[in-house]
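Take the points in order, with the 3D view open beside you.

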Amino acid sequence: MIKHIVMFKLLPQAQGRTAAENAALALSMLEQFPAQIPTLREFRAVVNAPDAPADNCELALICTFEDMEGLNAYQIHPAHKNFGAFISQVRASRACIDYEA
């Protein structure tokens with residue numbers, strides 16, 4: 001199994017929305033992934049807790065794939081590409097780790 005964890009720090013303002021608004025929009029896009037992307041075995045998208053430190057990342061994805069081939073198929077899937085086009089316009093930074101579980 002391959003775990004894929006991605007965290008995003010969002011810009012305070014982008015595309016006419018606040019970071020919280022963009023996080024909510026991103027979350028609504030991400031919630032569709034399990035029905036759209038067949039190689040996902042487990043999927044979770046979460047936003048930072050309201051009372052957590054403000055310098056935390058606002059959004060994280062926790063994904064599980066059968067193998068690296070499944071992760072690679074996810075990376076090029078149109079739903080993921082569409083999300084990537086959106087998030088790249090509203091993020092300040094991204095951190096990612098892929099590991100064998």
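1. A definition to begin with: two strands are said to pair if DSSP finds at least two bridges between them. One caution as well: this is a predicted model.

2. With that in hand, look for the sheet. Four strands form an open sheet in the order S4-S5-S1-S6, with antiparallel pairing. At the edges are S4 and S6 (91-100), each of which pairs on one side only. From one strand to the next, the twist averages 10 degrees.

3. Now the pairings one by one. S4 (residues 40-47) and S5 run antiparallel and are joined by seven bridges; here Phe-43 stands opposite Cys-63 of S5. Seven bridges also join S1 to S5, again antiparallel, and S1 and S6 pair in the antiparallel sense over nine bridges.

4. Ile-2 has Phe-65 as its bridge partner in S5 and Glu-100 as its bridge partner in S6.

5. How much of S1 and S5 is covered? S1 is mostly covered, with seven of its nine residues buried. In S5, six of the seven residues are buried, so this strand is largely enclosed by the rest of the structure.

6. How do H1 and H4 sit relative to each other? Their axes come within 11 Å and cross at roughly 170 degrees. Angles over 145 degrees count as roughly antiparallel, and so H1 is roughly antiparallel to H4. On the H1 side the contact is made by Asn-22, Leu-25, Ala-26, Met-29 and Leu-30, and on the H4 side by Asn-82, Phe-83, Phe-86, Ile-87 and Val-90. Sorted by class, this contact has eight nonpolar residues, two polar ones and no charged ones.

7. Then turn to the largest nonpolar core, which has 23 residues; Phe-8, Phe-33, Tyr-74, Phe-83 and Ile-87 touch the most other members. At least two core residues come from each of S1 (2-10), H1 (19-30), S5 (59-65), H3 (68-76) and H4 (78-90). H4 gives the most, with five residues.

8. Ile-87 is worth a click. Which residues does Ile-87 contact, leaving aside its neighbours within four places in sequence? They are Phe-8, Leu-10, Ala-26 and Leu-59.

9. Finally, visit Leu-40, which lies in strand S4. Is Leu-40 buried or exposed? Buried means under 20% relative accessible area; Leu-40 has 10% relative accessibility and therefore counts as buried. Beyond its neighbours within four places in sequence, Leu-40 is in contact with Phe-33, Pro-34, Cys-63, Thr-64, Phe-65 and Tyr-74. Take the pair Leu-40 and Thr-64: they are 24 residues apart in sequence, and their C-alpha atoms are 6.2 Å apart in space.

Key:
Residues are numbered from 1 along each chain as its sequence is written. This is a predicted model: local features need pLDDT of at least 70, side-chain atom pairs count only at pLDDT 80 or more; totals for chains, interfaces and linings use all residues. Side-chain values use heavy atoms; hydrogens and water are left out. A nonpolar core is a set of buried Ala, Val, Leu, Ile, Met, Phe, Trp, Tyr and Cys residues joined through side-chain atoms within 4.5 Å. Buried means under 20% relative accessible area, exposed over 50%, partly exposed in between (1.4 Å probe, protein chains only). Contact means heavy atoms within 4.5 Å. Axes are lines fitted to C-alpha atoms, for helices over the stretch in contact, and angles run from 0 to 180 degrees between N-to-C directions. Angles under 35 degrees count as roughly parallel, over 145 as roughly antiparallel, 65 to 115 as roughly perpendicular and the rest as oblique. Ala, Val, Leu, Ile, Met, Phe, Trp, Tyr, Cys and Pro count as nonpolar, Asp, Glu, Lys and Arg as charged, and the others, Gly among them, as polar.
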